[in-house]
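I ask you to keep the structure in view while I describe a sheet and then a cavity.

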Amino acid sequence: MTGNGVETNRSPGGLVTALAPIMREADGAWVGWAGTPDLDLDPFDDDEIHLVPVPLSDAEVQSYYEGFSNGTLWPLLHDAVVDPEFHRTWWNSYVTVNRRFATAAARAAAPNATVWVQDYQLMLVPSLLRALRPDLRIGFFLHIPFPPPEIFAQLPWRKQVVEGLLGADLVGTQRTSDAANILRSVRRHTDLTTRGSVVTIGSRWTRPERHVRIAAFPISIDSGSISELAQTPEVVERAAQIRRDLGDPAVMLLGVDRLDYTKGIRHRLKAFGELLQDGSVSVPDVTLVQVASPSREQVEEYKVLRDDVEVTVSRINGDHGALGRAAIHYMHHSYPLEEMVAMYRAADVMLVTALRDGMNLVAKEYVAARTDLDGVLVLSEFAGAADELGQALIVNPHDIDGMKRAILEAISLEPREKRRRMRALRRRVLDSDVQHWAASFLGTLRAMPVRESHV
């Protein structure tokens, strides 16, 4: 509870963990939605951070957030895994809300300050903010993928979105392929010059206004904290208890996802169901624990996905489960971090089968939790984490037979090979944590040359 009577809950996410100490040191401000529709709050301080709430009406939550952000941009930027919807009213709301965020940031920022804009919900903010405050140094980070220009070109407002991003001095992505796709869209939808990773704003006949760099800065987790947590007696005991609660199976497979169509949950269930059907694995020796936390439950695509997943789980359990021994243990709710780390320690095989994912931090959390050097990570090649975690068993989730082979390989992997792979994975995850990510991005942003604006 703060002094103005507002109760606050700190997000457990890695982004807050990484940026909070930086913001305290720099006397920074966090501009964001308060999380409740039609709540208009004055700026206030909490935990030594200045918070600037930006209000959204209930109608704007529907049209800007659930509509354009998650009904248009989310599927489109994930390679149109499902068909995006294009509605002019959604776009108009997106513009309005982005302008509101830009205005709030412009008011909050000190002269010549650095502003870091986060994610696809605010892709217009960099250019809107630069028009209001040309003195600012502006960074933008896209936490989700960016598709090839042939897919992005479906968006009726593609040019406006590209120009919105180019208001930044530095645009960061998860993968080099995402950065390349943005550069290709710049070349396709503007007449600006690109050279390598740099876009020149201006032309050869006039002094360049400035340069925009577009590059990959793969995000990570607070890996040290998770590693320490995994070694506490409480978590070690809880992991053992989870195995006992499951009936002490020989192999525990684990999937942890938001219930989202990009995560490949249906493909994972199909592969596991076929392994049971053809006798490659059996219950109760092998069981799958699937945690699917609720996500965007008001959006029709997500309602359909939940129904599909729950019907599939019921069918597989009906066909292959035993009395008191389910083939799949399915939980449609979230868990605190301590419980998740215990599950990671309990699982013999972690299944990350995303159809398209910016990074997938669950894969890194699993690795950070395996201080015992046990466990095997099966990882989709379409998750950004695959670029860094090459010692995982890499799969194409659309190839069901290939995924089945990878699961069987993970189950039968020799202990020495498990340790070799996990040791290499842990070295990568522990060396490149979320603090390293934030420092790398901000260091690059601050090193960008400053040019006078001609706006």
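In what order do the 6 strands of the open sheet stand? Please note that we are looking at a predicted model. Reading across the sheet, the order is β12-β11-β10-β13-β14-β15, and the pairing is parallel. At the edges we find β12, residues 328-331, and β15, residues 393-395, each of which pairs on one side only. On average, neighbouring strands of this sheet are turned by 20° against each other, direction ignored.

Let us now consider one pair. Strand β14, residues 376-380, runs parallel to β15 and is joined to β15 by 3 bridges. Here Ser380 has Val395 of β15 opposite.

A helix also packs on this sheet, namely α12, residues 337-346. Helix α12 touches β10 (251-258), β11 (286-293), β12 and β13 (349-352), and the direction of α12 makes about 145° with that of β10.

I turn now to the cavity. The count comes to 1 cavity of 30 Å³ or more, and the largest cavity has a volume of about 30 Å³.

Among the lining residues are Val376, Leu377, Lys418, Arg421, Met422 and Leu425. By class, the lining has 6 nonpolar, 2 polar and 2 charged residues.

Thank you for your attention.

Terms used. Residues are numbered from 1 along each chain as its sequence is written. This is a predicted model: local features need pLDDT of at least 70, side-chain atom pairs count only at pLDDT 80 or more; totals for chains, interfaces and linings use all residues. Side-chain values use heavy atoms; hydrogens and water are left out. Two strands pair if DSSP finds at least two bridges between them. Helices (H or I, at least four residues) and strands (E, at least two) are DSSP runs, numbered from the N terminus. Axes are lines fitted to C-alpha atoms, for helices over the stretch in contact, and angles run from 0 to 180 degrees between N-to-C directions. Contact means heavy atoms within 4.5 Å. On a 1 Å grid over the protein atoms alone, a cavity is a set of points where a 1.4 Å probe fits but cannot get out, and a pocket is an open set with protein on both sides within 12 Å along at least five of seven lines; lining residues have an atom within 4 Å of a point. Grid points are joined across faces, edges and corners, and a volume is the space filled by probe spheres set on the points. Ala, Val, Leu, Ile, Met, Phe, Trp, Tyr, Cys and Pro count as nonpolar, Asp, Glu, Lys and Arg as charged, and the others, Gly among them, as polar.
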